[in-house]
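Please view the structure first.

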Amino acid sequence: MWITGNRIIFLLFLVVLTSCSDANNSTVPKKQLKILAVFAHLGKSHFDVFKPLLEELSRRGHELTVISHFPRTEKAIAEEPLPTYKDISLRNEKLGVFVNVVDLHAIDSRYFQIFTDLYMLYTMSGLVCDIALKNPEVKQLVDSGKKFDLMLVESFNTNCFMVLVHKFNVPFIQISTHQLMAWAIDDLGVSNEASYIPSMFTRLPRPMNFFQRMINAVSAFVTTMVFRTLFNWRDYSVANEFYGPGIPDLKSISNNASLMFVNTHYSVHGAISFPPNVIEIGGIHISPKVKPLPPKIKKFLDEAHEGVLYFNLGSMVKTASMPEDKLKVFIKVFTSIPRKVIWKWEVDGIPDNSGLDNSNNVLIEKWLPQYDILNHPNVKCYFGHGGLLGLSEGVQSGVPMVLMPFFGDQYQNAIAAQARGVALVVDFVKLNEQTLKHTLDEIFNNTRYRENAKKLSKAFKDRPNTPLETAVWWTEYVGRGNASPYIRSEAANMSWCQRNLIDVMVTLAVLALLSLYVSYRILKCILTRATKRQEQKNGAMSKKRD
């Protein structure tokens, strides 16, 4: 009886404890949010970062209105209807989207490529702003007076969509698909760590010497000033044309972002002192499960006991546009190495007289399930272009890499991976048969790259929650009204001079110089008077002697 009584008391204690736990868990009410997402860039690789978050929010019952060039396909809708997900399509059949559009004939490695990159960003931003802001469905949505709880906006090469934030007057989250731009860092009020973090458009190594740090600081300053002037002037003009007059300064709106999601992770790009409203979600696009491979690819990989080189230059680069001399280098090296090669070639047919028709060690396909291939145990090297999606998948899979960057953030992504000891970087313009073969021999035969890749993969994956779970939680947190002003840095609304205490240092310097000048004048006056007294005294003594 005594034992039975103790059991009853213990069971009652568990019931009370469970009730308390449920009560604590219920303190955060579930709220169905109405979310407007504006992702107007034409690059598919950019939208692939946002897509998992948007679909997961819809699965959780939130109402999504998504403005983009990538509406859900009929196949995707049939597989998973998502009734709370509504598309406003910006797709223009004549213009298309940025898939297989980069011509490799146009690639060069000059250091002033930074200005070419800025010009390309400027041109693209004008195009997407004009397409999206004048879209009839977008204008109809603005005029409808529909209320939203939250907006999601890409942080990239324009602030023109801040006019929609102004019109709907809601909290908003910005999402960067890459390392933060210098101007985005400034908007957030974050210190630009130019002393050890190379700026986006540079090709500077890690770590940097004095001369390189000086170039980096100037680069960050120049790109920010160009964005603050040419980009912002044009953005305001376009926004005012379609939704003016009376639009406030777009930069001031951007400064008030509740949150910034960044598709990076400190294990790869290095540790930076971010405020609480900057959340790293690197790898958010990566599926939690590895899917079965198509039979043809699986058979090819299963039989490759000598190891496989996986070659894919991403969704934007058109590999078939490769200059003939470079293509011959790749074909000759790939067909001669004692490894198997699986190669993404996005058009039908391969070059005549390439020798690939009779090659047993090279498999060419128009489309490849990249992440699933990288997780095959026989894949020993990923040869890519340094795009952050592919690089993140390589890091997650623990595969050593050879990276050949072409533009934009690819250079710094590749340099960051090389600094971690998991990759080698090659220059496309200077590439020849000897350097390519030497690079592949090094990455396959030096075991330290695979060891470092496994260590980096472990650090990249070891997080309290998955990147997607993290992004969803913070999105709902902002939607519940808990963000601004509690997690935003007050520095976001301060000028660069105030934030870096330039005004204070200048004032102190002026005061120091003024005090030195006053001290000098006083000392000079004292010395002058003392000299005059001594002269008068000497003169009086001379008269007495006379």
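Helices (H or I, at least four residues) and strands (E, at least two) are DSSP runs, numbered from the N terminus. This is a predicted model: local features need pLDDT of at least 70, side-chain atom pairs count only at pLDDT 80 or more, and totals for chains, interfaces and linings use all residues. Residues are numbered from 1 along each chain as its sequence is written, and side-chain values use heavy atoms, leaving out hydrogens and water.

**Loop residue T319**
- T319 sits in the loop that runs between strand 10 (317-318) and helix 12 (324-336).
- Its relative accessible area is 1%, which makes T319 buried (under 20% relative accessible area; exposed is over 50%, partly exposed in between; 1.4 Å probe, protein chains only).
- Leaving aside residues up to four places away in sequence, T319 touches L104, L313, W343, K344, W345 and E346; contact means heavy atoms within 4.5 Å.

**Aromatic pairs**
- The whole structure holds 22 aromatic pairs. Rings of Phe, Tyr and Trp (its six-membered ring) pair if their centres lie within 6.5 Å; planes under 30 degrees apart are stacked, over 60 edge-to-face, the rest tilted.
- One of them is F330 with F334, tilted, at 5.6 Å centre to centre and 55° between the planes.
- F330 and F334 are about one helical turn apart, because they are 4 residues apart in helix 12.
- F330 is buried at 0% relative accessibility, and F334 is buried with a relative accessible area of 0%.
- Ring pairs join F311, F330, F334, W343, W345 and F383 in a cluster.

**Charges over rings**
- R448 places its charged end over the ring of Y449, 4.4 Å from the centre. The criterion is NZ of Lys or CZ of Arg within 6 Å of the ring centre and within 35 degrees of the ring normal.
- R480 lies over the face of W473, 5.9 Å from the ring centre.
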